[in-house]
Amino acid sequence: MPLDRKIAYIDLTTGDIQTKPIPLDVRKKFLGGRGLDAYLLYNHTEKGCDPLGPKNTLMVSGGILTATCASATARTHIMAKSPLTGLLGSANMGGFFAPEMAWAGFHHLVIKGKAKHPVYIYIHNGEIEIRDARDIWGQSVTDSQWAIREDLGDQEVKSLVCGPAGENLVRFANVMTGIKNSGGRSGMGCVLGSKNLKAVAVRGTMDIKIARPKEALEYNKRFIDQIVSAKVNQTQGALGTPFIWGATNSWGGIRTRNFQYNQCEYADDIEPERIDEICEETMGKYHMTGCFGCQVHCRAQYKIPSGPYAGTYDEGPEYTSQGAFGGETDTPRAITVLTGNHLVNKFGMDNLETGSLISWAMELYELGIITSKETDGIDLKFGNDDAVIEMIDRICFRKGWLGDTLADGGIAASEKIGKNSFNYLIQVKGMSNLHSDERATPALALNSATGSRGSDHLRSRPAIDLYHLPEEVLRKIYSNPVPYDGPLSSEHTEYIGKPWQVFWQENCYMGVDCLGICKYHTTFLGATLPNFEDWSKVLYYNTGLEMTPEEIWDVAVRCNMIERLFNLREGLARDDLKKGDMLNHRYFDEPCRRGAIDVVGRKIDKKKFIQMIDEFYEHKGLDNNGVPKPETLKKLGLKNEPSHLV
Amino acid sequence: MESMGKVLVINYEKCTGCRLCELVCAVMHDGISNPTRSRIKVIKWEAEGLYIPMSCQQCEDAPCMNVCPVKAISRDEEFGRLVIDYDVCIGCRSCVAVCPFGAMSFNSIDKKVFKCDLCDGDPQCVRFCEVNAIEYVDADDVSLLKKKDAAERISIAGKEAAALAAQV
């Protein structure tokens with residue numbers, strides 16, 4: 001049964017390992033995956049602990065439906081206090097790791113302490129072992145994984161690893177698995193590095209009994225038909241996420257030259273069709289690959305066509321790499337995007353954060369806030385492709401003053417650089433914004449400002465807001481499973497009703513993250529995809545757990561609140577520019593200079609934005625300072641946290 | 001019977017490596033998620049992005065059938081498949097040893113050899129593979145798909161040659 005998968009507590013300092021079952025009442029309250037991780041983080045870390053110290057606790061998990069017949073149940077979640085933001089650190093990735101961990105008997109790992117020398121954890125059919133990783137330390141993301149397979153003499157082992165960036169304590173290092181599946185954002189790889197933990201390797205052949213196999217299979221088939229019939233997923237399956245970048249750039253939603261423009265010009269060479277051409281030229285007609293059990297197959301395969309890495313195989317680039325190494329730095333050249341993407345994959349480093357910080361440094365260079373003295377003579381001009389590639393390497397290996405400075409993340413770097421460099425840093429809660437520009441889209445701006453792990457598109461973005469769906473369609477989506485009769489607007493430049501959409505999406509995404517399903521299988525980019533009602537059914541068919549759509553919604557609200565509680569405990573304050581739900585002033589002061597007719601000239605109206613935050617807090621049951629009201633905590637059963645149920 | 005003479009055809013180029021076939025195979029047959037119970041297995045060269053699904057070919061002159069010391073394996077003409085009679089099988093695993101494709105597996109939990117049975121004419125791996133990397137076609141047409149692919153390549157090459165000639 002999926003519900004008999006266990007939780008393991010591993011102390012790297014003492015070598016102590018304990019395994020426990022996950023009680024049913026805990027499942028009903030938090031399900032699994034990110035939600036239960038958030039509960040574990042809140043319960044197993046002390047207030048104010050050093051994110052790079054042994055007291056920080058690292059959670060690794062699969063969702064409650066991982067490896068079952070619920071379609072695309074591949075997601076692995078990683079959580080800890082973030083060394084980048086000092087707040088909630090959370091990362092989610094696809095691939096094949098979490099299902100393998102479930103077949104090895106576990107859904108959740110709670111890792112504490114710090115090993116004396118580099119080690120890796122090996123989990124095999126219920127057994128857990130801490131093994132020497134001194135020979136593997138220093139190796140790239142993929143080489144580490146192959147080395148672990150050699151060490152164990154088993155080619156079927158799946159590992160999540162930190163690359164050189166994590167070892168070098170780059171504050172935004174990724175946890176990675178496979179070629180490019182990245183637990184990116186908020187520096188979870190850095191936490192692995194700080195614990196001398198090179199990797200977690202898993203191999204499992206233990207049965208997971210499906211509660212009602214026939215129904216589970218048939219519902220999975222229905223899911224898949226629904227998912228692949230959505231135009232957006234067909235496009236994803238053909239072009240991968242680069243299509244989103246192309247579409248967004250066309251109307252003017254792409255951050256360019258840090259935050260100076262909202263559209264990248266002369267970008268033909270990194271348009272999705274061009275990237276796809278390169279994939280086809282180097283890998284053949286069928287060059288898309290997918291995560292475990294997923295029919296969307298949104299990940300492209302390519303070989304770098306030219307330059308010093310010519311012929312090297314990699315996967316992607318995702319639209320984040322187009323944004324990071326194409327748009328933001330104004331280097332819209334395929335070779336730069338593909339090479340940059342390869343380097344961050346190899347090093348295990350967040351492409352979004354890396355590109356954002358390089359483009360920020362480029363603007364500072366343009367303004368004379370930093371000079372060639374700080375860059376070691378690199379001409380850090382926008383549009384300088386070689387400088388972008390060079391800086392990726394310098395950040396990972398902390399080479400030179402600027403490389404070392406940027407490796408500590410934007411806020412720390414801005415404090416070191418001084419002057420008014422902070423004003424140009426496009427971040428929320430210490431994490432750089434996605435490459436998208438939300439000045440014309442208040443709903444997306446609100447989502448960026450209020451994301452629990454910092455500015456992000458994967459915590460609460462109502463992406464379907466851009467589709468101008470008729471109001472009755474919006475209402476159908478956004479008033480399920482709980483009623484909503486407040487205002488809604490089909491207009492993406494509006495402020496009306498957006499807080500509810502963001503609140504709804506926040507719970508929708510928490511829902512999939514607890515279940516372990518990919519966001520492309522829910523109301524993210526496609527308006528017709530499964531959500532709460534379908535989850536209630538797949539949960540029952542696969543695990544036997546009976547929960548109504550409303551109950552799953554409640555779990556999501558509860559888990560989002562736990563994340564909020566953690567952030568508040570670590571110092572989140574509403575209007576704090578470094579630790580709050582607030583955007584960089586440029587969103588309010590500088591209008592969009594490019595883009596579609598209804599975009600150019602737009603900026604976020606601060607007064608209306610603050611009203612949106614108020615309204616969003618109200619939906620969440622928070623007071624005006626963003627702190628949960630006592631009755632909210634009571635209603636969610638969170639009155640006595642930390643409650644140490646598990 | 002409609003399924004008579006039908007065979008599985010694997011177009012490995014199309015395989016995205018998602019392993020959904022392994023999952024649905026195990027759930028369909030055993031009601032359990034566990035790829036070691038799957039009759040089909042995707043072999044991967046991840047560093048090169050190459051994935052090849054391997055399954056039983058239902059060989060005409062089947063080594064598994066020939067080697068079985070107790071004649072537990074026989075041909076079922078209705079579905080064009082080789083089947084194991086578990087009342088006769090002694091679990092010696094000789095069939096596992098001789099299968100040139102590694103398509104005969106041994107389940108160490110149930111202590112039984114097992115192989116693809118074409119799901120009695122409705123192979124779930126085929127049903128769930130949206131990219132058609134596995135197809136279930138008439139044996140007579142087994143090479144038709146490959147012929148079509150090859151013809152398409154020739155056609156493209158021909159057009160390119162004509163375009164080149166026109167440029168000259």
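Predicted model: local features only at pLDDT ≥ 70, side-chain atom pairs only at ≥ 80, totals over all residues.
Biologist: Let's start with a single residue. Why is Ala98(A) called buried?

Modeller: Ala98(A) has 32 C-beta neighbours inside 10 Å, and the label buried applies at 20 or more, so Ala98(A) counts as buried. Ala98(A) belongs to helix 3 of chain A, residues 97-103.

Biologist: What does Ala98(A) touch, leaving out residues up to four places away in sequence?

Modeller: Its contacts are Gly62(A), Thr66(A), Ala74(A), Arg75(A), Thr76(A) and Gly516(A). Take Thr66(A): 32 residues separate it from Ala98(A) in sequence, while their C-alpha atoms are 6.7 Å apart in space.

Biologist: And what makes Ile109(B) partly exposed?

Modeller: Ile109(B) has 13 other C-beta atoms within 10 Å. Exposed would need 12 or fewer and buried 20 or more, so Ile109(B) falls in between and is partly exposed. Ile109(B) lies in the loop that links strand 7 (105-107) and strand 8 (112-114) of chain B. From Ile109(B) to Leu145(B), 36 residues apart along the chain, the C-alpha separation is 39 Å.

Biologist: How much of chain B counts as buried?

Modeller: The figure is 33% of the 168 residues of chain B. Its C-alpha trace spans about 70 × 35 × 30 Å along the principal axes. Chain B has five helices and nine strands, and they follow the pattern β-α-β-β-β-α-β-β-α-β-β-α-β-α along the sequence. Counting contacts in chain B between residues at least 6 apart in sequence, 56% join residues at least 24 apart.

Biologist: Now a sheet in chain A. Why are strand 8 and strand 11 said to stand at the edges?

Modeller: The open sheet has six strands of chain A in the order 8-7-12-9-10-11, with mixed pairing. Strand 8 (127-132) and strand 11 (181-183) of chain A each have a single partner strand, so one side of each is left without a neighbour in the sheet. From one strand to the next the twist averages 20°.

Biologist: How do you know that strand 7 and strand 12 of chain A pair?

Modeller: Pairing requires at least two bridges, and strand 7 (residues 119-124) and strand 12 (residues 197-203) of chain A have six, in the parallel sense. So these strands of chain A count as paired. In this pair, Tyr122(A) stands opposite Ala201(A) of strand 12 of chain A.

Biologist: How many residues are in contact between the two chains?

Modeller: On chain A there are 33, in contact with 24 of chain B. Strand 13 (208-209), helix 7 (213-229) and strand 14 (288-289) of chain A each supply at least two residues of the side of chain A that touches chain B. Helix 7 of chain A gives the largest share, six residues. By class, that side of chain A has 19 nonpolar, eleven polar and three charged residues.

Biologist: Which domains does the assignment give for chain A?

Modeller: It gives domain 1 (2-203), domain 2 (237-432) and domain 3 (442-636). The centres of domain 1 and domain 2 of chain A, taken over C-alpha atoms, are 26 Å apart. Between these two, 33 residues of domain 1 are in contact with 25 residues of domain 2 of chain A. The side of domain 1 that touches domain 2 of chain A divides into 16 nonpolar, 14 polar and three charged residues.

Biologist: One last item: how do helix 11 and helix 12 of chain A cross?

Modeller: The axes of helix 11 (residues 319-327) and helix 12 (residues 334-347) of chain A come within 9 Å and cross at roughly 115°. Their crossing in chain A is right-handed. Residues that meet include Phe325(A) in helix 11 and Val337(A) in helix 12 of chain A. By class, this contact of helix 11 with helix 12 of chain A has three nonpolar, six polar and no charged residues.

How values were computed. Residues numbered from 1 in each chain as written. Chains lettered and ligands numbered in written order. Helix = DSSP H or I, 4+ residues; strand = E, 2+ residues; numbered from the N terminus. Axes fitted to C-alpha atoms, helices over the stretch in contact; angles between N-to-C directions. Contact = placed C-beta atoms within 7 Å. Nonpolar A, V, L, I, M, F, W, Y, C, P; charged D, E, K, R; others polar. Domains from an automatic or database assignment. Left-handed = near helix turned anticlockwise from the far one by under 90°.
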